[in-house]
Amino acid sequence: MLVTFLGTGDYSPVAYRMGTQSVETAHFAYAAATFYEARHVRVLATQEAEDRHGEGMRAAFAGLPGVSLEFHAIPSGKDTDELWRIFDTLIDSLQTDGPVILDITHGFRTLPFFSAAAIAHLRAVGDLSEDFRVVYGAFDASKESGVAPVWELTAFLDLLDWAHGVSVFTTTGLADPLLAAFRAQDSKQRQALAREGGRNFPRTNTLAGALERFSNDFLTLRIAAMVCGDGQEKPRSSARQLLDAIEATGKEAGEFLPALKPLLQRLTNLARGLEAPSLHGPDADQALVTLAKRYLAQKRYAEAAVVVREAWVSRHATSPAQTSAGREGFDEAGRRAAEARWNRDCAEARAVANVRNDIEHGGYRKRPLPGDSIRDQVRTLVENLEQTAREHHTPKSAGDTVGKTWFVSRHPGAVEWAQRQGIAVDNMVDHLDPEQVEAGDTVIGTLPVHLAARICERGARYWHLTLNLTADMRGRELSADDLDAAGARLEAFNIRKD
């Protein structure tokens, strides 16, 4: 079916040419119906346009046997209500089975814009014909040559698919819509080259394969495969493979994938910074920080919490074998020992475990945290992981000592809560003089802001015992159970006095 518009302008006969075919007519719809062998033509026109050109158009189509011509009335678009009626009529006209050709040659004012919006809408909901084309008869071009070429604009619609696919991939890690766009474009290009006898096929399969591998690893949280490869089936990381494929394909995008070229940078941004030679050492630690931030940006809190946990355990590993997941020689016992050291030495270990367990069990706990608390705690954990990455890998001088952990509270319930959480504490005190704290120490408590700022100023880390207190909890002594009910958690703060 051919869907076309009709205006009230002066239409003069001109020779429209498409390939080797040429048709002279005052109505481009007649030429389009001839070129594309349309059997049904639907004309969207105001009553004024039909009154002026309807008779001449019907006379022209009388020369095309077997072609039906029908007029659908649309308003002039003088207000918002009429504009929506035009849009709805266009949607109904395009929403049909079989091949559809949309002719926008005589689309006036808002009609070309409405056409693009209608196409985008129908594509998004899957109601646009797979055999859909957009054409334009370039009447103005005939002033110089005497011939008006026919421009098929369908290829520009591919930009919608590419943009949607890239958006889904960069915001969720899911590559399916983007891979569908690749396959469709690859098929078109290969068919076109085959018709011309060409053999220089585009390397779209290389990029599509790299996208699919990285997407699978990202969605299933295959940290080793993304960062450094598994050393067996994937000697290179899937992040590195994707970046290499983008670089190689970018040189061809201008010729074979023009709609993709401006979007390649967004694909690059998702994979960049995730690759490292191994899962051990500063480079790997930074890659895991970047990966945790990627998941956090996509609001995938469970995956972000897992990456934070594994990054902390890896920091406490004493050999590459304790981090070489998926590779021969992986020291599982050594990694369990690294995890034990982390749980013993770091206050944040319990906070990470608490959030991760709450997520993994779907809230099936005695006092599950609310969703906004989960979100905020994961964000804090990722920020703290990033904040401590550089200091962890900065070489220490011979005189440096391991910092102490202070827990500051005069409330027995808070002390019992800390013991329940398994927090390793060197000094449990009622009050703390900031001058007692040294660089590298960790202080946990509910300190006033000015004291917390002084602690941070001395190079120590401050973890605040955060509670969501109800009105009836205020002003009374709270037990460890009360603290659990109030969503007690440790949150890292870096406080500076202006």
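Author: Happy to! Let's begin with a term: accessible areas come from the Shrake-Rupley method with a 1.4 Å probe. For this predicted model, the accessible surface is about 25,300 Å², and 50% of that belongs to carbon and sulfur atoms.

Reader: Nice. And how many of the residues count as buried?

Author: Of the 498 residues, 48% do.

Reader: How many helices and strands are there?

Author: There are 19 helices and 13 strands. The radius of gyration is 33 Å, well over the 23 Å from the globule rule for 498 residues, so the protein is more spread out than a compact globule. Its C-alpha atoms fill a box of roughly 100 × 60 × 45 Å along the principal axes.

Reader: How many bridges join β4 to β5?

Author: Six, and these two strands run parallel.

Reader: Switching topic: what is the average pLDDT?

Author: It averages 84, and 91% of the residues score at least 70. Among the elements, helix α13 has the highest mean, 93, while helix α5 has the lowest, 70.

Reader: Where does pLDDT stay under 50?

Author: Over residues 394-401, where the model has one contact beyond four places in sequence. Where pLDDT is low, the predicted coordinates should not be read in detail.

Methods: Residues numbered from 1 in each chain as written. Predicted model: local features only at pLDDT ≥ 70, side-chain atom pairs only at ≥ 80, totals over all residues. Heavy atoms only, no water. pLDDT = per-residue confidence, 0-100. Helix = DSSP H or I, 4+ residues; strand = E, 2+ residues; numbered from the N terminus. Contact = heavy atoms within 4.5 Å. Pairing = 2+ DSSP bridges. Rg over C-alpha atoms; globule rule 2.2 N^0.38 Å. Buried < 20%, exposed > 50% of the residue type's maximum accessible area, 1.4 Å probe, protein only.
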